[in-house]
Amino acid sequence: MSGPDTMASDGIVLGEDRAARFAAATRHGWAVLRRHRVILFVTMALCLLAGALIILMSTPDYRATASVEVQDVPAGAAGSNAQAATHGAPGDIESLMQTELEVLRSRALAEEVARDLALVGTPTFFAGMDRKRPTEGAGSLTQRQVEQDMVVRLLRDNLEVDLPGKSRVLRISFVSADPVLSARVANSYADSLIRADLKRGFESGVQARRFLLGELDGARKDLARAERDLAVYAARTSGASDDGDDRQRPPQGTIAARLAQLNAYRAQALADRIAAQKRWEGARRASPETLPEVLGNGAMQSLMTSRAEARAAIVEERQFRKDAHPDMREARARLAALDDQAEAMANTIRASLREQYEVAVHGETQIAAEIADLERQAQAERGRDVQTGILERSVDTYRMLHDSLLQRYRDMASQAGFQAGRIQPLDRAAVPTRPFSPRIGMTLLLASLGGMALGLLLVAARHMFDDAVTSADTLTERVGLPLLGSVPVTGDAPQPVDIFTPLASSLLLASADGLPRSILVTSAQEGEGKSLTLHALALALAGLGKRVLVVDGDMRRPVQHSLFRLPAGRGISALLTGQASAEEVIVETGTSGVALLPCGAVPPNPAELLATPAFEALLLAVRDSYDTVLIDAPPILGGTDTLLLAGRVQASLLVVEWGRNHHGGLRAAVDRLRRAGGTIIGAILTKQQGRAMEYDYHRGG
């Protein structure tokens, strides 16, 4: 129902928790720094002292700087205008600058500087570099070769090259103990770089001229070959046209006009052939006498008239005469002659139509053949023109290339020795007046910062790996235990009871039921004063009116009977083995309210005895007779005896020696005791040294 409000409140709570944790972590860190401030301050002081010693013992070094400008005009480029700088791509300029940087760092340039300044064999150079001059060779190298290698190595190691930003300026610096030497070497590096650039430009110009000369010779040969091919082809085509045909080959324009004319003739011939074919087809299928050409012929009409008259005369004569009459035979013979004559004339006319058709077909075929021949001539002419054009263009191309290379070679030859270098001097190195190093302020600042960082690391390492307890705060930080009290160093003698009276009073408030009925007193390691503390604590509780039973549970090194000045006799070892009862082994110490259950005979297997139920029966047996039972247990890290007892008592009390447990022993002991089921009510700090512990009742609350 109220989901958003609940989420908002949860967020506020989480924020407050984070803030509280951060504040707690800050307070904790500040407390750690305050507690170990001596380590921090001493470390910083030592680092500052080391920095001061470095400054005092260092040889002053002087840095001299020369600068040059790198232009992007290629050195020795033929035909380029040295005054007009070409702007290349940013990547090309960056590559150019990086190349010049590598040239400066090269061994070849260092050797050039060494030769220029005659540094090999000069004692002043080694004195300025604060190095000892080699006096003998090494291996197969002579003394001079060893000295030269050392000079080159010193030059390269002490050279500093800087490229500020994206500029084209190179800053060349050299560092040495001699200011004059630094300036000389820096200027020599700049001069050597310029000379190397000019040398590269000159050599590249020579190489370019040689290359152009070879290219020019090749272009000349290519031009001669192209001109020769053109002349040979022209001669071959001209001879073929003169010898291949009796007729003179017409020009290209005449061939085109003739083709147009013949195409018109072919159209007319096609029409004539179609008309003649139609007439011939009609004449071939029809009777010769019915043909229009026959009927329209004048001689044929005259012959037809004569034949009609002869036929009419025969009809008329037949009325008067018989067919055998000579006149009738003569008339019929004349008519037959006229018929034969008419048929012969009709056949002649039909034959003429066929001949006209054949003439038309032949004319069309002849025109088509002449057109095909002209087309072949035109195609061959076009092929010759194309090939001639190709050869002419090849000649023109080679001539242009030859002329261009020739002009380029002439320009390069005229400009040889006058090329401007890519690298130009900008600033000469001046002799420095103040040393470059050591830098006092920077060195001291770095020393102080390094000391602070080292001090913080030491503080953190000590805090992480050191379990030494010197106050209530450190006890809480190390193992999370409250400090019940502390006692000063008193040696191995029993400690004064009045010191432990406040501690005994604190034990009365250790649980909700008051004084615990059984308290295990132990320590992390041997020798922290647990037995003396238990002895004094028992006397202090007795002074407060409590009945106390001291049980010497350290069956490996029992001391309680000695502290109470009693004989060993029988003790807990006999009780746990069933050889005696509690009433038989518990003795009075002579102090009112304090009884002692000594160890008795030292058993060979204390852990096995403590693991028996007899110890729990002992605690139940004395429960009503004493207000509390104080058990002196062995050190936790010495064995498993204490861990067997921890789970059977009501409370455990840890005795911690002041300033001890530097390597995690206290943490390990507390962890083992807690895992064994022991309830640790607090710790007592023994053997305290120096001023009294600062304790504030209201601290943390």
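Helices (H or I, at least four residues) and strands (E, at least two) are DSSP runs, numbered from the N terminus.

## Basis of the model

This is a predicted model, in which local features need pLDDT of at least 70 and side-chain atom pairs count only at pLDDT 80 or more, while totals for chains, interfaces and linings use all residues. Residues are numbered from 1 along each chain as its sequence is written, and side-chain values use heavy atoms, with hydrogens and water left out.

## Overall composition

The protein has 22 helices and 12 strands. Of its 701 residues, 36% are buried; buried means under 20% relative accessible area, exposed over 50%, and partly exposed in between (1.4 Å probe, protein chains only).

The accessible surface of the protein comes to about 39100 Å², and carbon and sulfur atoms account for 56% of that surface. Accessible areas come from the Shrake-Rupley method with a 1.4 Å probe; for residues, only the protein chains shown count as cover. Contact means heavy atoms within 4.5 Å. Among contacts between residues at least 6 apart in sequence, 80% join residues at least 24 apart.

Valine 42 belongs to helix 2 (residues 37-57) and is partly exposed, at a relative accessible area of 43%. Val42 is also one of the residues of a nonpolar surface patch of about 760 Å², together with Val38, Leu46, Leu49, Leu53, Leu56 and Met57.

Patches are made of residues with over 30% relative accessible area and no salt bridge, where like charges are joined within 9 Å and nonpolar side chains (Val, Leu, Ile, Met, Phe, Trp, Tyr) within 5 Å. A salt bridge is a side-chain nitrogen of Lys or Arg within 4 Å of a carboxyl oxygen of Asp or Glu.

## Packing of helices 14 and 15

Helix 14 (residues 497-507) packs against helix 15 (residues 530-543) at an angle of about 75 degrees, and their axes are 8 Å apart. Helix 14 is therefore roughly perpendicular to helix 15 (65 to 115 degrees; under 35 is roughly parallel, over 145 roughly antiparallel and the rest oblique). Axes are lines fitted to C-alpha atoms, for helices over the stretch in contact, and angles run from 0 to 180 degrees between N-to-C directions.

## Loop residues with positive phi

Alanine 118, in the loop between helix 4 (107-117) and helix 5, has phi near 55 degrees, a positive value in a residue other than glycine. Alanine 118 is partly exposed, at 46% relative accessibility.

Arginine 565 has a positive phi near 60 degrees and lies in the loop between helix 16 (560-563) and helix 17 (572-576). Arginine 565 is exposed, with a relative accessible area of 73%.
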